[in-house]
Amino acid sequence: MLLYFLLCALLGVGLEKVKENCGVVGVISRSKANAVPLVIDALRALQHRGQEAWGVAVPGKNPYKKLGLVIDAGQRELDLLTREYNSPIAIGHVRYSTAGRKDLESAQPLKVKDLCIAHNGTLSNIKELSGVVGGCTFTPQHASDTLIAANKIVDHLRQKKGGFSKALKVLSDEMAGSYCFTFFSDNNDAVYAARDPRGFRPMVVGYRNNTQTYVVASESIALSAVQAGLVRNLQPGELLKIGYSEMKSEIFATADSHAHCSFEYTYFAHPGSVMEQISIYEARKRIGVGLAKKFPIPDADVVIPVPDSARLAAMGYAEAAGKPFDEGLLKDRYSKKGRFRSFIEPHKGDRVEINQWIIPIVQVFEGKHVVVIDDSLVRGTSSTEIVKALRRGGARKISMLITFPPIEFPCFAGIDFPTQEELAIFGSEATLAEKVERVRKTIGVDFLGYNDPKTLAESIGMDVNSMCFTCATGNYSALGVTPKLTLGSS
Ligand code: SF4
């Protein structure tokens, strides 16, 4: 019977993860080696940040852009790209759109006159920005936030006769939201990187000795992929210019506090990355330890993760609680959709849920009180399916712990959550505890516990005031705009 159940229980669960944001990379080789192979390898390493489209740009050519994953291109196409785009300067981008259209034209890098640019983040006031761009020929209603920013940079350069730093300084007063840019101009031999003054999205600088190559990237895992060492983080508000013989850093804007996205630490970032000097791998294990202190469950028999990003937290929880860790849910790595991390098809007009396949291993939890650790609870639909599978497999009692606080408000800084009404925790109850109790009943667990911002920040090892928790708190003050919401922001 058990074997029958195991064979029959190949469970299609549409993991309702939030949509990813994007990843950027910029490379310059001072020994004039071809930068394109490094950009391709770095983009592969950043694929978890965007699976809709990717692209590479070098000076003097139109950007090369494709829908889908880098690996889909095949070796012959990548070899051809490497030969035909041979250049010591290159930038690249993997995309999940949070603003603008979903087609190849909107994939990045984008080229506006001599400027090629790639963007990670979301400019949350694009309507206002597009209204004040002068002398541009694009149509704002179809433009992505990146295209609007690129046009504005070019426009500022043309009108003000200043450099990129001055253009970004002027622009930073007008732009609200999050941005990490890599860019170059056909007119000068340098790669540039810029990060918004709050530091919502991560960005690092690395160096590869053997080809004297500098690499800027969204995450340090991209540096590891090209055998470059991590030099440092790009500072919030910093513009870095890396030329063949000089490197120049300028702070183009400052903010009274930083707002590093806390969701990067629980879900988005690659576990092999280091952000703001913090190992994501170690932080996630500590998050599990923090949950074990916040929610001790003495009669638990086994701790299991919802694969994959909650695994380290589940290990940390099990270790701290002195409970066995096991894999009660396995991803079917050979399913057609298993390689996709997010839940939206990358092609326009085909926005259907990706069924990631999860196999329950009933021997792990049958007859037991199982503690299930997940990295977030967004709509609650996948949690409901997972709980049903655990019940069918004979779990005696189910406690679910979520490493991220309740997501009650939309993100306008680069992460595309569902609408506020679609969020599981959304409701008119007076207290958060009442909302959590409703969600607990809806997904069908015996106990539901969410992390809180203070515990999460302490576990990560950062000051809670230097992190963004807007999607949990509704406090949009760091963003620079106050969106209209169904539930009022604090
Ligand atoms: S609102 Fe949430 S997802 Fe968006 S930047 Fe802030 S912490 Fe990250």
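This is a predicted model: local features need pLDDT of at least 70, side-chain atom pairs count only at pLDDT 80 or more; totals for chains, interfaces and linings use all residues.
**Aromatic pairs**

Let's start with the rings. A pair of aromatic rings is described by the distance of the centres and the angle of the planes. With a cut-off of 6.5 Å between ring centres, the count comes to 14 aromatic pairs. One of them joins Phe164 and Phe183: the planes of these rings meet at 65° with the centres 4.7 Å apart, so the pair is edge-to-face, given that angles over 60 degrees fall in that class. Phe164 and Phe183 are both buried.

Another pair, Tyr179 with Phe181, is stacked, with 25° between the planes and 5.3 Å from centre to centre. Here too both partners, Tyr179 and Phe181, are buried. Elsewhere, ring pairs connect Phe263, Tyr267, Phe268, Phe404 and Phe469 into a cluster.

**Cavities**

Searching the whole structure turns up five cavities of 30 Å³ or more, and the largest cavity holds about 140 Å³ of space. Which residues are closest to the centre of the largest cavity? They are Cys411, Ala413, Cys468, Thr470 and Cys471, out of 19 residues that line the cavity.

The lining of the largest cavity comprises 16 nonpolar, two polar and one charged residues. Helices α8 (262-268) and α15 (470-473) each contribute at least two residues to this lining. On the level of domains, both domain 1 (2-16 + 282-473) and domain 2 (23-274) provide at least three residues of the lining.

**A buried aspartate**

Finally, a look at Asp155, which is found in helix α5 (residues 145-160). Is Asp155 buried or exposed? Its relative accessible area is 9%, and the cut-off for buried is under 20%, so Asp155 counts as buried. Between Asp155 and Ala167 the C-alpha to C-alpha distance is 8.6 Å, while the two residues are twelve residues apart in sequence.

How values were computed:
Residues are numbered from 1 along each chain as its sequence is written. Side-chain values use heavy atoms; hydrogens and water are left out. Rings of Phe, Tyr and Trp (its six-membered ring) pair if their centres lie within 6.5 Å; planes under 30 degrees apart count as stacked, over 60 as edge-to-face and the rest as tilted. Buried means under 20% relative accessible area, exposed over 50%, partly exposed in between (1.4 Å probe, protein chains only). On a 1 Å grid over the protein atoms alone, a cavity is a set of points where a 1.4 Å probe fits but cannot get out, and a pocket is an open set with protein on both sides within 12 Å along at least five of seven lines; lining residues have an atom within 4 Å of a point. Grid points are joined across faces, edges and corners, and a volume is the space filled by probe spheres set on the points. Helices (H or I, at least four residues) and strands (E, at least two) are DSSP runs, numbered from the N terminus. Ala, Val, Leu, Ile, Met, Phe, Trp, Tyr, Cys and Pro count as nonpolar, Asp, Glu, Lys and Arg as charged, and the others, Gly among them, as polar. Domain bounds come from an automatic or database domain assignment.
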